Amino acid sequence: MKDELAVLEYTDVSIESRGLMVPVRLKLSDQGISYRNVKTGKVENLNSSEIEVVNWQRLGGSYGLRIFTESGNLFRFGGFKDSEQSKLEKFFKNTYGKTMSEKEFSVKGWNYGAAKFEGAVLSFDVGSMPAFEVPLNHASGCTTGKNEVTLEFHQHDDAAINLMEMRFHIPTSELAGDDPVESFQQRVMAKASVITATGDALAIFREVQCLTPRGRYDIKVYPSFIQLHGKTFDFKIPVTTVLRLFLLPHLDQRQHFFVVSLDPPIKQGQTRYPYLILLFSGDDSDTLELPLTEEELQEKYEGRLEKEMSGPQFELISKMFRGTCNRKIITPGNFMGHSGTPAISCSYKAAAGYLYPLERGLIYVHKPPVHIRFDEISSVNFARSGSTTRSFDFEVEVKNGVINTFSSIEKGEYNRLFDYVNQKKLRIKNRGKMEMGGRKDDFADSDADEPDPYMRRVREEAKERDDDDEEDSSEDEDFAPGEEGSDVAEEYDSYAGDSSESGGDSEAGSEEGEKKKKEKKERVC
């Protein structure tokens, strides 16, 4: 934590997100509050003018910060120490002019109380104090029965235990005037995170090829969400769940990948898709005319969209996503591979794909898609690819210990990838150990790799002696050529001579060997 010039920073706190406390890095300054998701890297900002109420409360076994905004939204940050209360109280008083009061909760354990709505928050009060609060933007639906209301909640994929639903019973004695059950449901649904298609779509793209999830989908872009309509499945993607947009050229320079990073991911049964990958041909072009006036476009989208647009389809759909989601489109930087494109052909988990070095990370498409930010990387490693030296492996180790291996990369990409890693100042684990194109590789390339350890040792000895002759016949030529019957004896004698070099009678042993050779020659003659 740092405290410099009315700035507070906390690196070990968390924020409540759909029933889970997600680790974030929190920064409080005179401009407002910003927090960065440690896992996804997504940055959210809260202007100081939006803050209405600030409270200090117990949260998740420790102390937390409760912030209620003018728009009715609730933000709760946990993981603070008790000693931070006075420092935060002074900061909010001096910087924002807000008094941070301590919020008490009822711990009686009663299940009977009063439900109160304040903005987008449902508070269940027991007596004069709340027992718990429910942010209604975590609710996915609300159904009613006889004297009963059921709230259904969005599920968090990283949570070990999820709250599925919560039921409220309204006694019959309270049924007077307007139906309170229906009124309760309407107030919940007005603030719940439920996607409903109202009005016309801004743009429609027909039969777009989608690699993940696989199939062809009609893509309808609405102001608040994006709908994918296929033959079997439909998906609705809120624009607030879009993390990043990538536009990547294919290796053949005729197609383009458009990658949409999502959090939370879309689901198809039990399968989750954190990335939406579209494939476009460079020959496909289209024309769009948005059903909005120039004033509406300027007011809602701040000039990010134009009323009439034409061009290649991948450019149009990337502009629509950028305008509605308010996210920048990430493209490959200055890196250029051996093929003349930013794509590096490789394999990941037995599937072939393409690795794209970016300005602030690496992305692999398409099965499965992998995005690694530089701040996640612990080190990289260049390794030999199996038994061949015509390719190499590129291993990326992240800070949580997981190693992502991109294998079967062509040898021509090594120098470019090595320079890229050096330029980005990433730590190379085996710097100086792997020499692509060195003497060892040249020798290994001359013959097929041999798994036999004896043959490998013979080759190493041959390389040390710098003997360029054939290994099979080099030793036989030292003995009597053309004499077929003497091969076994000569080999035996040569080994015997080598083993007797350390003894004192080595010369006598050699003379006896020569006499035996002469006697054998006379017998043959």
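Biologist: First off, how do you know how far to trust the model?

Modeller: This is a predicted model, so look at pLDDT, the predictor's confidence in each residue on a scale from 0 to 100. The chain's mean is 79, and 78% of its residues reach 70 or more.

Biologist: What makes β10 and β12 edge strands?

Modeller: Start with the order, which is β10-β11-β12 in an open sheet with antiparallel pairing. β10 (114-118) and β12 (129-135) each have a single partner strand, so one side of each has no neighbour in the sheet. On average, neighbouring strands here are turned by 25° against each other, ignoring direction.

Biologist: How do you know that β10 and β11 count as a pair?

Modeller: Pairing takes at least two bridges between the strands. β10 and β11 (residues 121-126) are joined by 5 bridges, so they pass, and they run antiparallel. Ala-114, for example, sits opposite Asp-125 in β11.

Biologist: Now the helix α4. How do you know that its length agrees with what a helix should span?

Modeller: Take 1.5 Å times one less than the number of residues. For the 13 residues of α4 (residues 313-325), that should give 18 Å, and the end C-alpha atoms are 18 Å apart, so the two agree. Just after α4 comes Asn-326, with a positive phi of about 55°.

Biologist: And why is α4 called largely enclosed?

Modeller: A residue is buried when its relative accessible area is under 20%. In α4, 10 of the 13 residues are buried, so the rest of the structure largely encloses the helix. Among them are Phe-314, Leu-316, Ile-317, Met-320 and Phe-321.

Biologist: What makes a group of residues a nonpolar core?

Modeller: Its members are buried residues from a nonpolar list, joined through side-chain atoms within 4.5 Å. The largest one here has 37 residues, and Phe-205, Ile-219, Phe-258, Leu-278 and Met-320 have the most contacts inside it. α4 gives the most to this core, with 6 residues. Another core, of 26 residues, lies apart from it and includes Val-370, Phe-382, Val-398 and Ile-428.

Biologist: Which residues does Phe-205 touch?

Modeller: Leaving out residues up to four places away in sequence, its contacts include Ile-219, Val-221, Leu-288, Leu-316, Ile-317 and Met-320. Leu-316, Ile-317 and Met-320 are also among the buried residues of α4.

How values were computed
Residues numbered from 1 in each chain as written. Predicted model: local features only at pLDDT ≥ 70, side-chain atom pairs only at ≥ 80, totals over all residues. Heavy atoms only, no water. Helix = DSSP H or I, 4+ residues; strand = E, 2+ residues; numbered from the N terminus. Axes fitted to C-alpha atoms, helices over the stretch in contact; angles between N-to-C directions. Buried < 20%, exposed > 50% of the residue type's maximum accessible area, 1.4 Å probe, protein only. Contact = heavy atoms within 4.5 Å.
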